[in-house]
Amino acid sequence: MILGGSGSYNYTIVLDEDGVCWSVGYSGHGQLGRGVVGTTHYWFYPVLIHRRKVVDIACVGTGTEGGTMFLLDDGQVAMCGYAGESQLPEDDDEYIAVPMPVLF
């Protein structure tokens, strides 16, 4: 389980034993990885990453300028959330609302 954000911008992502992530909370910059961006607080719902198993998760950044990193079962990494401070693959002062692969 990871806890991200701060104040009323909190979000939580939980990894279950089947390799599925479940997210809840603030998704103003796509941190929940569900394709949803907005200031509404959302309830637990699965994060689908191209039907892939997730083996680990981590929070990237702080406050509303954060994101989520997913380690997939084949060693690949996917990320979503705020992308304006170089913490995600695209540094375009925008957000990524669905997990995108990180190319090394």
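**Terms and the values behind them**

Author: Leaving aside neighbours within four places in sequence, T68 is in contact with I2, Y11, I13, Q31, A58, A78, M79 and C80; contact means heavy atoms within 4.5 Å. This is a predicted model, in which local features need pLDDT of at least 70 and side-chain atom pairs count only at pLDDT 80 or more, while totals for chains, interfaces and linings use all residues. Residues are numbered from 1 along each chain as its sequence is written, and side-chain values use heavy atoms, with hydrogens and water left out.

Reader: What makes T68 buried or exposed?

Author: The relative accessible area of T68 is 0%. Buried means under 20%, exposed over 50%, and partly exposed in between, with a 1.4 Å probe and protein chains only. T68 is therefore buried. This residue is found in strand β6, a strand (E, at least two residues) being, like a helix (H or I, at least four), a DSSP run numbered from the N terminus.

Reader: How do you know that the side chain of T68 has a polar contact with Q31?

Author: A polar atom of the T68 side chain lies 3.0 Å from the backbone oxygen of Q31. A polar contact is a pair of N or O atoms within 3.5 Å; within protein, one must be able to donate a hydrogen and the other to accept it, and residues adjacent in sequence count only if both atoms are side-chain atoms. The distance of 3.0 Å lies within that limit, so the pair qualifies.

Reader: How confident is the predictor in the protein chain?

Author: The chain averages a pLDDT of 83, and 86% of the residues score at least 70; pLDDT is the predictor's confidence in each residue, from 0 to 100. Confidence is highest in strand β2 (residues 11-15), at 91, and lowest in β4, at a mean of 76.

Reader: How many helices and strands does the chain have?

Author: There are 0 helices and 8 strands, and the pattern read along the sequence is β-β-β-β-β-β-β-β. Of the 104 residues, 43% are buried.

Reader: Why is the pair R52 and D74 called a salt bridge?

Author: The closest N and O atoms of R52 and D74 are 2.3 Å apart. A salt bridge is a side-chain nitrogen of Lys or Arg within 4 Å of a carboxyl oxygen of Asp or Glu, so the pair meets the criterion. R52 lies in the loop between β4 (38-47) and β5 (54-62) and D74 in the loop between β6 (65-72) and β7 (77-82), so the pair ties together parts that are 22 residues apart in sequence. The structure holds 1 salt bridge.

Reader: What accessibility class do R52 and D74 fall into?

Author: R52 has a relative accessible area of 28% and is partly exposed. D74, at 44%, also counts as partly exposed.

Reader: What makes a set of residues a nonpolar core, and which residues have the most contacts inside the largest one?

Author: A nonpolar core is a set of buried Ala, Val, Leu, Ile, Met, Phe, Trp, Tyr and Cys residues joined through side-chain atoms within 4.5 Å. The largest has 13 residues, and those with the most contacts inside it are I13, C21, I49, V54, I57 and F70. The elements giving two or more residues to this core are β2, β5, β6 and β7. I49 touches V54, F70, L72, A78 and P99, not counting residues up to four places away in sequence.

Reader: Why is V54 called buried?

Author: V54, found in strand β5, has a relative accessible area of 5%, so it counts as buried. With the sequence neighbours up to four places away left out, V54 touches L15, G19, C21, I49, F70, L71 and L72. The C-alpha atoms of V54 and L72 are 4.4 Å apart, although these residues are 18 apart in sequence.

Reader: What classes do the loop residues H29 and H50 receive?

Author: H29, in the loop between β3 (21-27) and β4, is buried at 18%. H50, in the loop between β4 and β5, is exposed at 63%.
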